[in-house]
Amino acid sequence: MNKPLVGAFLAALLLGAGAAPVVAAEPAQQAQEAASKAEPAAKAVTFAGTVALSNCSGSVVRTPDSAPTDPALVLSNGHCLESGFPGPGEVVVDQPSSRTFTLLDASGDGVGTLKASRIAYGTMTDTDLSLYETTSTYQQIEDGYGIQALELETAHPTAGTAVTVASGYWKRTYSCDIDGFVHQLKEGRWTWKDSVRYTPECRTIGGTSGSPVIDDATGKVVAVNNTGNESGQECTDNNPCEVDENGKVTVREGINYAQQTYDMVPCIGAGSKIDLDREGCALPKP
(Lines give C-alpha, C1' and ligand atoms only; values in the text may rest on other atoms or scores of the structure.)
Protein backbone atom coordinates (compact mmCIF):
# COMPACT_ATOMS: atom_id res chain seq x y z
CA MET A 1 0.00 0.00 0.00
CA ASN A 2 1.02 3.63 -0.34
CA LYS A 3 1.77 3.49 3.35
CA PRO A 4 0.18 5.92 5.82
CA LEU A 5 2.88 8.18 7.25
CA VAL A 6 3.58 9.00 10.87
CA GLY A 7 5.84 11.98 10.11
CA ALA A 8 6.75 14.07 7.09
CA PHE A 9 9.81 13.37 4.92
CA LEU A 10 12.21 16.10 3.86
CA ALA A 11 10.32 18.33 1.48
CA ALA A 12 13.43 18.65 -0.65
CA LEU A 13 13.08 15.05 -1.72
CA LEU A 14 9.77 15.86 -3.33
CA LEU A 15 10.67 18.88 -5.41
CA GLY A 16 9.69 18.42 -9.03
CA ALA A 17 11.91 19.35 -11.94
CA GLY A 18 11.07 22.49 -13.88
CA ALA A 19 9.87 22.27 -17.45
CA ALA A 20 11.83 23.87 -20.27
CA PRO A 21 9.95 26.27 -22.52
CA VAL A 22 9.11 25.03 -26.01
CA VAL A 23 8.73 27.21 -29.09
CA ALA A 24 6.17 25.73 -31.51
CA ALA A 25 6.32 26.08 -35.26
CA GLU A 26 3.69 28.33 -36.81
CA PRO A 27 1.62 25.48 -38.41
CA ALA A 28 1.44 23.73 -35.06
CA GLN A 29 0.26 26.93 -33.42
CA GLN A 30 -2.50 27.32 -35.99
CA ALA A 31 -3.61 23.72 -35.50
CA GLN A 32 -3.68 24.19 -31.74
CA GLU A 33 -5.74 27.37 -32.05
CA ALA A 34 -8.22 25.61 -34.33
CA ALA A 35 -8.55 22.72 -31.90
CA SER A 36 -9.13 25.05 -28.98
CA LYS A 37 -11.97 26.75 -30.86
CA ALA A 38 -13.53 23.42 -31.77
CA GLU A 39 -13.90 22.19 -28.19
CA PRO A 40 -13.45 23.79 -24.75
CA ALA A 41 -10.21 22.95 -22.96
CA ALA A 42 -10.37 20.88 -19.80
CA LYS A 43 -9.88 22.79 -16.56
CA ALA A 44 -6.59 22.17 -14.82
CA VAL A 45 -6.88 19.93 -11.77
CA THR A 46 -6.11 21.80 -8.52
CA PHE A 47 -6.00 20.93 -4.83
CA ALA A 48 -9.37 22.60 -4.13
CA GLY A 49 -11.53 20.18 -2.15
CA THR A 50 -8.67 17.87 -1.19
CA VAL A 51 -7.74 17.33 2.45
CA ALA A 52 -4.71 16.29 4.46
CA LEU A 53 -5.12 13.66 7.17
CA SER A 54 -2.56 12.96 9.89
CA ASN A 55 -1.03 10.18 7.80
CA CYS A 56 -2.85 10.09 4.44
CA SER A 57 -4.62 12.14 1.82
CA GLY A 58 -8.31 12.54 1.03
CA SER A 59 -11.00 14.73 -0.50
CA VAL A 60 -14.42 16.19 0.16
CA VAL A 61 -16.79 14.40 -2.21
CA ARG A 62 -20.45 14.43 -3.15
CA THR A 63 -22.77 12.50 -5.42
CA PRO A 64 -24.75 14.20 -8.22
CA ASP A 65 -27.81 14.01 -5.93
CA SER A 66 -26.20 15.44 -2.79
CA ALA A 67 -28.05 18.42 -1.32
CA PRO A 68 -26.25 21.56 -0.09
CA THR A 69 -27.60 20.88 3.41
CA ASP A 70 -26.27 17.31 3.54
CA PRO A 71 -23.30 16.60 5.83
CA ALA A 72 -20.12 16.67 3.74
CA LEU A 73 -18.31 13.37 3.16
CA VAL A 74 -14.54 12.89 3.14
CA LEU A 75 -13.15 10.06 1.00
CA SER A 76 -9.90 8.24 1.80
CA ASN A 77 -8.61 4.64 2.04
CA GLY A 78 -9.76 1.90 4.37
CA HIS A 79 -6.13 1.43 5.39
CA CYS A 80 -6.06 5.08 6.52
CA LEU A 81 -8.67 4.57 9.27
CA GLU A 82 -7.48 5.74 12.69
CA SER A 83 -8.50 2.35 14.10
CA GLY A 84 -5.97 0.56 11.89
CA PHE A 85 -6.25 -1.74 8.88
CA PRO A 86 -9.61 -3.57 8.69
CA GLY A 87 -9.03 -7.30 8.35
CA PRO A 88 -10.18 -9.31 5.34
CA GLY A 89 -13.97 -9.48 5.42
CA GLU A 90 -14.23 -6.65 7.98
CA VAL A 91 -16.55 -3.74 7.24
CA VAL A 92 -16.84 -0.66 9.47
CA VAL A 93 -20.17 1.15 9.35
CA ASP A 94 -21.48 4.17 11.30
CA GLN A 95 -18.81 4.31 13.99
CA PRO A 96 -18.13 7.50 16.03
CA SER A 97 -15.08 9.50 15.04
CA SER A 98 -13.63 12.88 15.94
CA ARG A 99 -10.90 12.85 13.31
CA THR A 100 -9.90 16.18 11.77
CA PHE A 101 -8.95 17.07 8.20
CA THR A 102 -7.09 20.10 6.86
CA LEU A 103 -9.07 21.52 3.94
CA LEU A 104 -6.97 22.81 1.05
CA ASP A 105 -7.64 25.51 -1.53
CA ALA A 106 -6.66 25.41 -5.18
CA SER A 107 -3.03 26.30 -4.42
CA GLY A 108 -2.70 23.64 -1.72
CA ASP A 109 -2.85 26.05 1.19
CA GLY A 110 -4.75 24.96 4.29
CA VAL A 111 -7.80 27.17 4.75
CA GLY A 112 -9.65 25.44 7.57
CA THR A 113 -10.24 22.32 9.60
CA LEU A 114 -13.09 19.89 9.06
CA LYS A 115 -14.13 17.50 11.81
CA ALA A 116 -15.65 14.05 11.46
CA SER A 117 -18.72 12.98 13.40
CA ARG A 118 -18.47 9.34 12.35
CA ILE A 119 -16.85 6.82 10.07
CA ALA A 120 -19.72 6.31 7.67
CA TYR A 121 -18.04 3.37 5.94
CA GLY A 122 -14.66 1.68 5.77
CA THR A 123 -13.27 -1.58 4.42
CA MET A 124 -10.29 -3.22 2.72
CA THR A 125 -12.36 -6.05 1.27
CA ASP A 126 -12.92 -5.96 -2.53
CA THR A 127 -11.91 -2.30 -2.38
CA ASP A 128 -9.88 0.00 -0.11
CA LEU A 129 -11.92 2.99 0.93
CA SER A 130 -13.25 4.99 3.84
CA LEU A 131 -15.97 7.62 3.97
CA TYR A 132 -16.20 10.03 6.89
CA GLU A 133 -19.30 12.07 7.66
CA THR A 134 -18.29 15.53 8.85
CA THR A 135 -19.97 18.06 11.14
CA SER A 136 -20.12 20.59 8.27
CA THR A 137 -22.57 20.67 5.39
CA TYR A 138 -21.50 21.18 1.79
CA GLN A 139 -23.08 24.64 1.88
CA GLN A 140 -21.23 25.61 5.06
CA ILE A 141 -17.91 24.61 3.49
CA GLU A 142 -18.66 26.57 0.34
CA ASP A 143 -19.86 29.63 2.27
CA GLY A 144 -16.99 29.54 4.74
CA TYR A 145 -14.11 28.69 2.44
CA GLY A 146 -15.34 29.18 -1.12
CA ILE A 147 -14.59 25.52 -1.89
CA GLN A 148 -16.92 23.07 -3.58
CA ALA A 149 -16.82 19.33 -3.05
CA LEU A 150 -15.48 17.11 -5.82
CA GLU A 151 -18.20 15.19 -7.63
CA LEU A 152 -18.05 11.40 -7.84
CA GLU A 153 -18.31 9.92 -11.32
CA THR A 154 -21.23 7.49 -11.64
CA ALA A 155 -19.88 5.40 -14.54
CA HIS A 156 -17.02 2.92 -14.87
CA PRO A 157 -13.90 4.75 -16.14
CA THR A 158 -12.21 3.75 -19.38
CA ALA A 159 -8.65 2.82 -20.24
CA GLY A 160 -6.66 5.67 -21.74
CA THR A 161 -8.36 8.34 -19.62
CA ALA A 162 -5.97 11.09 -18.51
CA VAL A 163 -6.10 11.44 -14.73
CA THR A 164 -4.44 13.38 -11.92
CA VAL A 165 -3.77 12.02 -8.45
CA ALA A 166 -3.96 14.98 -6.05
CA SER A 167 -2.29 14.36 -2.69
CA GLY A 168 -3.41 16.67 0.09
CA TYR A 169 -0.79 15.26 2.44
CA TRP A 170 2.17 16.15 0.21
CA LYS A 171 0.43 18.94 -1.73
CA ARG A 172 1.69 17.27 -4.86
CA THR A 173 -0.02 15.99 -8.02
CA TYR A 174 0.79 13.06 -10.30
CA SER A 175 -0.43 12.97 -13.89
CA CYS A 176 -0.78 9.85 -16.04
CA ASP A 177 -3.36 7.73 -17.85
CA ILE A 178 -5.46 4.78 -16.77
CA ASP A 179 -3.49 1.91 -18.26
CA GLY A 180 -6.15 -0.72 -17.62
CA PHE A 181 -8.06 -2.67 -14.99
CA VAL A 182 -7.02 -5.60 -12.81
CA HIS A 183 -9.39 -8.52 -12.25
CA GLN A 184 -7.95 -9.13 -8.79
CA LEU A 185 -5.19 -7.21 -7.05
CA LYS A 186 -3.68 -9.16 -4.15
CA GLU A 187 -1.52 -7.64 -1.44
CA GLY A 188 -0.69 -9.59 1.69
CA ARG A 189 -3.99 -10.65 3.28
CA TRP A 190 -6.16 -8.42 1.10
CA THR A 191 -7.78 -8.81 -2.32
CA TRP A 192 -9.27 -5.95 -4.35
CA LYS A 193 -11.43 -6.27 -7.45
CA ASP A 194 -11.42 -4.37 -10.76
CA SER A 195 -8.59 -2.09 -9.62
CA VAL A 196 -7.28 0.80 -11.70
CA ARG A 197 -3.71 0.41 -12.96
CA TYR A 198 -1.85 3.62 -13.82
CA THR A 199 0.68 4.14 -16.58
CA PRO A 200 4.21 4.44 -15.12
CA GLU A 201 4.15 8.25 -14.83
CA CYS A 202 2.09 8.15 -11.61
CA ARG A 203 4.87 7.26 -9.18
CA THR A 204 2.83 7.73 -6.02
CA ILE A 205 4.49 7.36 -2.61
CA GLY A 206 3.61 6.86 1.05
CA GLY A 207 1.21 9.56 2.21
CA THR A 208 -0.60 9.70 -1.14
CA SER A 209 -2.93 6.96 0.11
CA GLY A 210 -6.53 8.15 -0.13
CA SER A 211 -5.83 10.79 -2.77
CA PRO A 212 -8.66 11.37 -5.24
CA VAL A 213 -7.98 10.21 -8.79
CA ILE A 214 -9.51 12.92 -10.93
CA ASP A 215 -10.53 12.67 -14.58
CA ASP A 216 -8.70 15.57 -16.24
CA ALA A 217 -11.50 16.14 -18.75
CA THR A 218 -14.47 16.19 -16.36
CA GLY A 219 -12.93 17.10 -13.01
CA LYS A 220 -14.81 14.20 -11.41
CA VAL A 221 -13.39 11.61 -9.03
CA VAL A 222 -13.11 8.19 -10.67
CA ALA A 223 -11.00 6.35 -8.09
CA VAL A 224 -9.07 6.58 -4.83
CA ASN A 225 -5.30 6.02 -4.88
CA ASN A 226 -4.14 3.15 -2.65
CA THR A 227 -1.08 1.06 -3.48
CA GLY A 228 1.91 0.16 -5.64
CA ASN A 229 4.49 -2.56 -6.11
CA GLU A 230 7.63 -1.19 -4.48
CA SER A 231 10.30 -3.88 -4.89
CA GLY A 232 9.05 -6.51 -7.34
CA GLN A 233 7.95 -9.07 -4.77
CA GLU A 234 4.86 -11.15 -5.46
CA CYS A 235 1.61 -10.51 -3.56
CA THR A 236 3.34 -9.33 -0.35
CA ASP A 237 2.66 -6.21 1.73
CA ASN A 238 3.56 -3.15 -0.36
CA ASN A 239 4.03 -5.41 -3.39
CA PRO A 240 0.61 -6.18 -4.88
CA CYS A 241 0.33 -8.67 -7.72
CA GLU A 242 -2.24 -8.90 -10.49
CA VAL A 243 -4.34 -12.05 -10.89
CA ASP A 244 -6.38 -12.49 -14.07
CA GLU A 245 -9.57 -14.46 -14.67
CA ASN A 246 -7.54 -17.63 -15.29
CA GLY A 247 -5.47 -17.30 -12.14
CA LYS A 248 -2.32 -16.07 -13.90
CA VAL A 249 -0.19 -13.89 -11.62
CA THR A 250 1.67 -10.84 -12.96
CA VAL A 251 4.07 -8.62 -11.01
CA ARG A 252 4.71 -5.07 -12.22
CA GLU A 253 7.46 -3.49 -10.16
CA GLY A 254 7.10 0.27 -9.79
CA ILE A 255 3.48 0.34 -11.01
CA ASN A 256 0.79 1.92 -8.84
CA TYR A 257 -2.93 1.35 -8.45
CA ALA A 258 -6.24 2.80 -7.30
CA GLN A 259 -9.73 1.59 -6.42
CA GLN A 260 -12.73 2.69 -8.46
CA THR A 261 -15.40 4.80 -6.76
CA TYR A 262 -18.36 4.83 -9.17
CA ASP A 263 -19.78 1.70 -7.54
CA MET A 264 -20.15 3.33 -4.14
CA VAL A 265 -22.34 6.17 -5.42
CA PRO A 266 -25.58 4.10 -5.29
CA CYS A 267 -24.83 3.36 -1.61
CA ILE A 268 -25.02 7.03 -0.59
CA GLY A 269 -28.57 8.14 0.17
CA ALA A 270 -30.31 11.27 1.39
CA GLY A 271 -28.50 13.15 4.10
CA SER A 272 -25.18 11.50 3.09
CA LYS A 273 -26.27 8.31 4.84
CA ILE A 274 -24.73 5.02 3.76
CA ASP A 275 -27.39 2.45 2.93
CA LEU A 276 -25.88 -0.83 1.80
CA ASP A 277 -29.34 -2.13 0.85
CA ARG A 278 -30.03 0.60 -1.70
CA GLU A 279 -30.62 -0.51 -5.26
CA GLY A 280 -27.35 -0.78 -7.15
CA CYS A 281 -25.16 -0.74 -4.04
CA ALA A 282 -22.52 -3.44 -4.31
CA LEU A 283 -20.15 -2.49 -1.47
CA PRO A 284 -19.32 -5.31 0.97
CA LYS A 285 -21.61 -5.57 3.97
CA PRO A 286 -20.64 -6.34 7.58
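I count a contact when heavy atoms lie within 4.5 Å. This is a predicted model, in which I take local features only at pLDDT of at least 70 and side-chain atom pairs only at pLDDT 80 or more, while totals for chains, interfaces and linings use all residues. Residues are numbered from 1 along each chain as its sequence is written, and side-chain values use heavy atoms, with hydrogens and water left out.

Over residues 7-40 pLDDT stays under 50, and the model has 8 contacts beyond four places in sequence for them.

I then looked up F101, which, leaving aside neighbours within four places in sequence, is in contact with V51, A52, L53, V74, G112, T113, L114, A116, Y132 and T134. F101 is also one of the residues that touch the most other members of the largest nonpolar core, which holds 41 residues; such a core is a set of buried Ala, Val, Leu, Ile, Met, Phe, Trp, Tyr and Cys residues joined through side-chain atoms within 4.5 Å, where buried means under 20% relative accessible area with a 1.4 Å probe, protein chains only. Apart from this core I noted another, of 12 residues, including V163 and Y174.

Last I checked F47, which counts as buried because its relative accessibility is 11%. Not counting residues up to four places away in sequence, F47 touches L104, D105, A106, S107, G108, S167, K171, R172 and T173.

Key: Buried < 20%, exposed > 50% of the residue type's maximum accessible area, 1.4 Å probe, protein only. pLDDT = per-residue confidence, 0-100.
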